[in-house]
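Reader: I am new to this structure. Please take me through one part closely, the sheet in one of the chains, and then what surrounds it.

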Amino acid sequence: MDGKAGASKRRAAVLGGLALLLAGALLAGVLVGPTRLEPRQVLAGLLARPPAGAGAGQANRAAPPGAAGPEAAGRAEAAAQAVIVREIRLPRVLLAALVGMALAEAGVALQGLFRNPLADPYVAGVSAGAALGATVAFALRGLSPARMDLPVPLLAFAGALGTAELVWRLARRGEGAPVPLLLLAGLAVSALFSAAISVLMVVGQRQLGEVVFWLMGGLAGRGWSHVAAALPAAALGTALVAPRWRELNLLLFGEEEARYLGVEVARVQRRLQLGASLLAAAAVAVSGLVGFVGLVVPHLCRLLVGPDHRALLPASLLAGGALAVLADLVARTAFAPVEVPLGAVTALVGGPFFLFLLWRSGRGHGFVG
Amino acid sequence: MALWGEVVLQVEGLRAGYGALDVLQGVDLAVRGGEFWGILGPNGSGKTTLLRCLAGVLRPRAGRVLLEGRRVDELPRREVARAVAVLPSGGDGLPEAGTFSVRQVVALGRYPWGEGDGSASPAVEESLDLLGLKALAERPLGELSGGERQRVFLARALAQEPRALLLDEPTAHLDLRHQVATLSLVRRLVQERGLAAVAVLHDLNLALRFCDRLLLLRSGRAVAAGEPAAVLSAENVRAVYGAEVLVDLDRAGRPYLRLQ
């Protein structure tokens, strides 16, 4: 009994700690940027009532040329700071958290679906599918990654779901997908789709540079329209995956055993596939290809809270959000004023981690019966 | 728990298999509460296939399997799992599964009853107690020996509070002492609680010693079914296994087989 109470107390402490970490990361993300702002100014920017119909355009109008006097200038500066905080930093930081949460949750769902610890939206090719879908919207509909319109996340979702199904059919053998097959299927699908993306971009001839930069994975210039596009898909995806924590636990013991214990395995797998596709689409539509978050975060969280998905899912949400916000902070400050793509930062951290896991799985880090 | 003597699982003209192969080619069986059935037969005779049909995870190609009068393969899985528990032979668990504690694994048996993570259920404590797992309750599954792990999965099956218990080679990875202990416990549950039990077994003498009824399969058909001593006659064993045996009586007057 002691052990049981101790474990749940420890889990609550870890989740609390991760929530604090996420809050701290969000705060740091809002405080730090190319324009040096005092915490007091950031706070003022967050709390200030915007002029009617606030936005970048209106902010300039707040200080019309010729409005003389230091008072007006001060007001104009405060208004400009408020715009930086509210229209640039805040949406970007929230979007980074949203992307990290979605990718981490998608990673947990795909690992449960494929019964394979190396599954992640990027590795399994689902992100590439979402990217192909979004590129169709960019290239053929003339939409831009800089402003989110509804067809982009919708087509990204269609691409993600189609790819999840394709990889499922290619890589599945017996119960789940073995590591080599999953990696090969993910690799082949990603290579094929990136070729298709190149063709689309050349044929479409529109927004070429923007799409290329979007593909590298990043949040530069993202605003509230992106938050509005990603939030519903991410929330719906989470709502599909999170309540399935019991089934995810049971699937670890095998599909047949899960069936014996009362799980409608095919139905649960369909939900996980749908949820992971929504989550990956939400992330990819707004941030391009940001790899390995869905791989690294669940693994770190398993070390912290153990394998029980009731704790693992919320822990991965919080840690994924925090990690992505911090990675984005590094991406935009490490070589300021130049921005490094967020996807490059996560790959630099996640790539070696992935190789370590692959090395370990190759050493027959065995099954238990 | 089931009522003694009432049919829990009924198999009628069952044909089932994989791909082009019909592994079972017309099997009949009625398992009642308070009966311990042993399923015997050479490799490939259809023992595990029969068990999977009884559990409702493999659909019959002809005939039917009834759980208390209703087709088991058409019931929701949760409803089946409240009545039928399975002790699988070596599972297909991932390494992460080994990091669950014994108590967590046993609590998974409460899933069909829809009780959160099941850890608050008295059935979990009772099962841990019954299988002598209290002292190991907080240990990770992966650190246990094969015999201990077997007991954990049996405890998980009992935590389902089933009326029928299906065991696929429950003695396969156990030493003799644990084989006897496992089958003794199943026998006790059958006698004390009216559980209906069906076990796939390899050891003919263990089957003679513990089971009330035996079903002897060859190539997907029943060669004999019923009283253990009658099923495992010298002729039947010769016909099915191609081995010459003598039937002797032990000091308690129970039959046992000796290789000739």
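What pLDDT does chain B average?

Author: Chain B averages a pLDDT of 91, and 98% of its residues score at least 70. Here pLDDT is the predictor's confidence in each residue, from 0 to 100. This is a predicted model, in which local features need pLDDT of at least 70, side-chain atom pairs count only at pLDDT 80 or more, and totals for chains, interfaces and linings use all residues. Residues are numbered from 1 along each chain as its sequence is written, while chains are lettered from A and ligands numbered from 1 in the order in which they are written. For the complex, the predictor gives an ipTM of 0.94 and a pTM of 0.89.

Now the sheet. Chain B holds an open sheet of six strands. Their order is E6-E7-E8-E3-E9-E10, and the pairing is mixed. Strands (E, at least two residues) and helices (H or I, at least four) are DSSP runs, numbered from the N terminus. Two strands pair if DSSP finds at least two bridges between them. Strand E6 (84-87) and strand E10 (221-226) of chain B stand at the edges. Each has a single partner strand, so one side of each is left without a neighbour in the sheet. From one strand to the next, the twist averages 15°.

Strand E9 (residues 213-218) of chain B runs antiparallel to E10(B), and five bridges join them. Within this pair, B:Leu216 stands opposite B:Ala224 in E10(B).

A helix packs on the sheet. It is helix H1 (residues 47-54) of chain B. H1 touches strand E3 (36-40), strand E7 (164-168), strand E8 (196-200) and E9 of chain B. Contact means that the C-beta atoms of two residues, placed from the backbone, lie within 7 Å. The direction of H1 makes about 150° with that of E8(B). Axes are lines fitted to C-alpha atoms, for helices over the stretch in contact, and angles run from 0 to 180 degrees between N-to-C directions.

Next, the partner chain. In chain B, 31 residues are in contact with 28 residues of chain A. Helix H2 (77-83) and helix H3 (102-107) of chain B are the elements that give two or more residues to this side. The largest share, three residues, comes from H2(B). By class, the side of chain B that touches chain A has 14 nonpolar, nine polar and eight charged residues. Ala, Val, Leu, Ile, Met, Phe, Trp, Tyr, Cys and Pro count as nonpolar, Asp, Glu, Lys and Arg as charged, and the others, Gly among them, as polar.
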